[in-house]
Amino acid sequence: MLTAVIIEDMPDALHVLKEELAQHHKDIDVIATAGSVVEAAKVLRKVQPDILFLDIMLGDGTGFDVLEICPDLESKIIFVTASDEFAIRAFKFAAIDYVLKPYASEDLAKAINRAKEHLKPNQERLDILKDTLAAPEAKPNKISLHTLDKIIIVSLDDIVRCEADSNNTIFYLNDGKKIFVTKTLKYFADMLNSYRFLRVHQSHLVNLDCISAFIKTDGGYLLLKNKETVPVSVRKKAEVIEMLDRMHR
């Protein structure tokens, strides 16, 4: 049996999660619950569960407050959040697993399986999550990238471009490094579209600040400040020209 503690301030949501675990995850024993940061701190000083279900927003603070009060917690964490686009974006930038309320059985099962496999997120990734949630309208400064064997924290300003490699993505950085990430280019194009990144081709996503010129010959391509070139698809050409014109007005 695995032990679990649930930190949730909404009684209905707490009831649903407990029922879901009792019916479909009989290997998980909920040994305690708490509805606030203060209660959570008291519980987690007494027990160290295998899995901690941690709601982000609590009545007297946040889930981050719980983690700061209990810095030595070794539990696998499943973050819980309401269906909010800013929260979802924050979790994606931090590359931290989460489950949405109201709970879907399939999503909860996936989150539990991932929690069993993964270690607790490090402080830097938690800081990215915390900072992005705290300023939903601001541009995130950093992104966490999953490679085959680790997670790398990268500044958005250091990303020159991204290139599709089958169902994976290669990140090209200012210092010449390449990072092979196990997610699709579409995943990152959707995430970075509002942050001065533009998908100029089926296989290419470019940081607009790294573009030197649009060359109209040879079908049209971008010349980057590092002297690399990136093709522009026919259907993206008008959008690229308009975007560059807007940048230099």
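The following exercises, each with a worked solution, concern a predicted model of a protein.

**Exercise 1. Overall description**

Determine how many helices and strands the protein has, and what share of its residues is buried.

*Solution.* Step 1: the secondary structure consists of 8 helices and 17 strands. Step 2: the protein has 249 residues, and 44% of them are buried. Step 3: along the principal axes, the C-alpha atoms occupy a box of roughly 65 × 35 × 30 Å. Step 5: among contacts with a separation of 6 or more, 54% are between residues 24 or more positions apart. Step 6: there are 33 positive and 38 negative side chains, and the centres of these two sets lie 6 Å apart.

**Exercise 2. The setting of Glu8**

*Solution.* Step 1: Glu8 lies in the loop between strand S1 (2–7) and helix H1 (11–24). Step 5: if residues up to four places away in sequence are not counted, Glu8 touches Ala13, Leu14, Ala34, Gly35, Asp55, Leu58, Val80, Lys101 and Tyr103.

**Exercise 3. The backbone at Pro102, Ala95 and Lys227**

Identify what sets the backbone apart at the peptide bond from Lys101 to Pro102, at Ala95 and at Lys227.

*Solution.* Step 1: as a point of reference, most residues other than glycine have a negative phi, and most peptide bonds are trans. Step 2: the bond from Lys101 to Pro102 is cis, with omega near 0°. Pro102 belongs to the loop between strand S7 (98–101) and helix H5 (105–117). Step 3: Ala95, a residue other than glycine, has a positive phi near 55°. Ala95 is in the loop between helix H4 (85–94) and S7, and with 12% relative accessibility it counts as buried. Step 4: Lys227 is not a glycine either, yet its phi is positive, at about 80°. Lys227 is in the loop between strand S16 (221–224) and strand S17 (229–231); its relative accessibility of 68% means that it counts as exposed.

**Exercise 4. The nonpolar cores**

State which residues of the largest nonpolar core touch the most other members, and which element supplies the largest share of that core.

*Solution.* Step 1: the largest nonpolar core has 45 residues, of which Phe79, Ile143, Ile159 and Phe188 touch the most other members. Step 2: helix H7 (residues 185–192) contributes the largest share of this core, 5 residues. Step 3: a second, separate core has 16 residues, including Leu21, Ile28, Ile78 and Tyr103. Step 4: Ile143, apart from its neighbours within four places in sequence, is in contact with Phe93, Ile128, Ile152, Ile153, Val154, Leu156, Ile159, Phe188, Met191 and Leu192. Step 5: Ile78 is located in strand S6 (residues 76–82) and is buried, with a relative accessible area of 2%. Step 6: with neighbours within four places in sequence left aside, the contacts of Ile78 are Ile51, Leu52, Phe53, Leu54, Val99, Ala111, Ile112 and Ala115.

**Exercise 5. The buried residues of helix H2**

List the buried residues of helix H2 and the elements that cover them.

*Solution.* Step 1: helix H2 spans residues 37–46, and Val37, Ala40, Ala41, Val43 and Leu44 are buried in it. Step 2: residues three or four places apart in an α-helix point the same way, because there are 3.6 residues a turn. Step 3: the cover over the buried residues of H2 includes S1, strand S2 (28–34), strand S3 (51–55), strand S4 (57–58), strand S5 (61–62) and helix H3 (63–69).

**Exercise 6. The side chain of Asn207**

Find which backbone atoms of Ile159 and Asp209 the side chain of Asn207 reaches.

*Solution.* Step 1: Asn207 is part of strand S14 (residues 204–207) and, at 3% relative accessibility, counts as buried. Step 2: the Asn207 side chain reaches the backbone oxygen of Ile159 at 2.9 Å. Step 3: the Asn207 side chain also reaches the backbone nitrogen of Asp209, at 3.0 Å. Step 4: apart from neighbours within four places in sequence, Asn207 is in contact with Leu156, Asp157, Ile159, Val160, Arg196 and Phe197.

Conventions. Residues numbered from 1 in each chain as written. Predicted model: local features only at pLDDT ≥ 70, side-chain atom pairs only at ≥ 80, totals over all residues. Heavy atoms only, no water. Helix = DSSP H or I, 4+ residues; strand = E, 2+ residues; numbered from the N terminus. Contact = heavy atoms within 4.5 Å. Core = buried A, V, L, I, M, F, W, Y, C linked by side-chain atoms within 4.5 Å. Buried < 20%, exposed > 50% of the residue type's maximum accessible area, 1.4 Å probe, protein only. Polar contact = N/O pair within 3.5 Å; in protein donor to acceptor, adjacent residues only side chain to side chain. Lys, Arg positive; Asp, Glu negative; His and termini not counted. Charge placed at Lys NZ, Arg CZ, Asp CG, Glu CD.
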